Amino acid sequence: MKKRLTLVVTLITLLSLLVAACGGSNNTNTGGSNKPAEGGKQEKVKLTIWHNFAGDDLRAQAVRGLIDEYKKNNPNVELDAQAIPVDGYRQRLSTVAAGNEMPDVFFVYAGSQSQEFFDAGLLQPITPLTEKYPDWKGNFMEGAFDRFTFEPNQIYSAPIGLSATSFLYYNKDLFEQYNVKVPTTWAEMLTAIKTFNDNKITPIALGNKAPWVAQSTILGSLADRVTGTEWFLKAAKGEASFQDQVFVDALGKFKELVDNKAFQDGANSIDNTQAEQYFIQGKAAMMISGAWTLTNLAASATEEQVAPIEVTTIPAIEGGAGQGGTISGGPGAGFALSKNTTGAAKDAALELIYAISGPDGQKKIAESNSMIMYNMDLEQSNVSPLYLKAFNVVKEATITPVYDAYLSAEAAESINNGLQEIMMGGKPEDVAKKLQDAQARSTQ
Amino acid sequence: MLSSLRTRSFVALALLPAVLIFVVFAIIPIIWSMYYGFFDWKGLGAAKFIGFKNYEMMLQDPIFWRALKNNLILVVSAIVGQVPIALLLALLLLKNSFFNRIIRSAVFMPMVLSTVVVGLIWGYIYNPQIGLLNQVLETIGLESWTRAWLDDPKINMFAVSIPINWANIGPYLIIFIAALQNISSEVNDAAKIDGAVGSKKLFYVTLPMIWDMVVVAIVLCISGSLKAFDHVIVMTGGGPAQSTELLATYMYNNTFTVYRYGYGSAVSTMIILISALLIGLNYIITKRRS
């Protein structure tokens, strides 16, 4: 009898220890940042910030530098900064979102991701900052806050980038060597592809292993030229169908590229960075890619390698409903504020957001050769020549929507896989149907 | 009586922490995941109870069946690849000589490497432009054999299964060596006196003696192949166009890329069921044989 009693007592002790251990960690997680404000500025505040600037590129270094500077200037803030590699960032964020354990400040993509967080009640507006710094808000380019305004007069983040996803980069030397005209029309594009193929040069480098690449860099701009922007915005809202002939035609243009062997063998099994390397080594004549390629090349390629690279927009398509000379893109991601952050922690968090997204921050980011949506004078000597070329292209171009910023996550996945399917011989009609089904299912 | 009770309660007490940890971190999450499998839940916001709808959708999704087929390819390749090769190597490397130990470590090495490293290495080996495999084929004049190994849906599943088998032979080798060393020398001597040598000895003496271990190895192969994930996610991410999708990557992509947490939970429950089914099947088959 006595033995059994000891057993029971031990069991209970063990259990309670376990429960205490689990409960304890939960408390520290939410408690630290939730402390209400009392007294002056010197109060110790605990903040966490999550971002995906984990890489070695200039932009990531610039943002990390801004965070470090904030740390130095605010000794009363105990800042826990987590740099999470880009590939896993979305997943990590949605995992903590599911448990309502958001960090105080976090980097969030414009469009569907931030919308989903807003719908789940995880965000609070950063509007107090715009009241405190009205000039700052006025300096943003038109439309910068469109994707971060979920209710009238409240903004939930300020973009620290312009994500232009579809430049046509080309190697001037190769075009001169084989006497090819830089394509401004679809017919010229097909001629260029043929000439380069005849000379055993890959026409367009593509690394589509992570399947968003072809969608984000090529399809967005290509389809816009065929369908026009209005049609796409309607289709995304469910007022037009992706099975409309006009979209099937747009996919057909992509298939035309595939059928004419515009991309190198195995484009679906190498990643974007490998494709960039392939292109910069002069093995491919063109590459259709976003502004991130500017940053990557500035960080990794030599000066001689970059010198022959020129930047333009992808060619216009004769007979399409959309214009040429446009670039798909949109306000990039920005930092957002968790709903759970209140009091002194909230003030500190807002200042942290301003330290990164404010005028000084935007300047530092621009000088890391990244596109921004903030008007300012740039010292030409502070940026790379390639970046300036791209910057000038953007100034002239109209920005058109990127597909995955408007589609639901499921529909985006569907078109991403669909483009890979077309590259493997699939039919545009089937891909269009799957996309329409996925979009209809997730917006009903 | 009293002392046996005391030993028993001591055993129970000593096991308690491990059992508790196992229950909290393995059993309860599995039950939770089964529970979520009945909901339409995006991971954010409210969950809607939909009964067996998720399972219905799963069974109607051709990608699910493709993932299952790919997993079965892995299971078969593991059973006909890993187990016999490991057994053969174990027989060859049984003696504890210096040379044998080096080979054993070499076979075991990929197991110690991070799976991400293995995936990246093989990703480069298979690279269509700069990959080792294509370059070797070109050098020996088999240019027509070169291809984009991870790209072509007809072969990429086999291309993917090779590194997975390569990386997983090590532990089976160790298991088999241990089993072979456990065969008592009397049995071997008796076999020798009775004239059992070579393949006769292998099939009538050695294999029956270690049959239990072979069964264990096959069970490990099945469960390991059904939850295979890391090599594939690094090499292909389940692509292109979901042609190398496995049950685990299918679950992962649905849960974390498309945010269908409820559906993903249903898929993971299905993985458990399929795994249990196959292991049960294996149990029945091997039982009958012995």
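How many residues of chain B are in contact with chain A? In this predicted model, 33 residues of chain B are in contact with 34 residues of chain A, contact meaning heavy atoms within 4.5 Å. Residues are numbered from 1 along each chain as its sequence is written, and chains are lettered from A in the order in which they are written. Local features need pLDDT of at least 70 and side-chain atom pairs count only at pLDDT 80 or more, while totals for chains, interfaces and linings use all residues; side-chain values use heavy atoms, with hydrogens and water left out.

**Interface of chain B and chain A**

- About 2900 Å² is buried between the two chains, and carbon and sulfur atoms give 65% of this area; buried area is the accessible area (1.4 Å probe) that two parts lose on being put together, summed over both.
- B:L44, B:Q129 and B:Y259 supply 20% of the area that chain B buries against chain A, more than any other three residues.
- The count of salt bridges between the chains is 1, a salt bridge being a side-chain nitrogen of Lys or Arg within 4 Å of a carboxyl oxygen of Asp or Glu.
- A salt bridge joins the side chains of B:R260 and A:E410 (3.9 Å, N to O).
- On the side of chain B that touches chain A, two or more residues each come from α1 (2–36), α10 (230–235) and α11 (247–257) of chain B; helices are DSSP runs (H or I, at least four residues), strands are E runs of at least two, and both are numbered from the N terminus.
- The largest share of that side, 6 residues, comes from α1(B).

**Annotated regions of chain B**

- An unreviewed UniProt entry annotates residues 68–282 of chain B as "domain: ABC transmembrane type-1"; such annotations may be inferred rather than shown by experiment.
- Residues 68–282 of chain B are 76% helix and 0% strand, with the end C-alpha atoms 17 Å apart.
- The unreviewed entry's "transmembrane region" annotation covers several segments of chain B, including 72–94 and 106–125.
- Residues 72–94 of chain B are 91% helix, and their end C-alpha atoms are 31 Å apart.
- Residues 106–125 of chain B are 90% helix, with end C-alpha atoms 19 Å apart.
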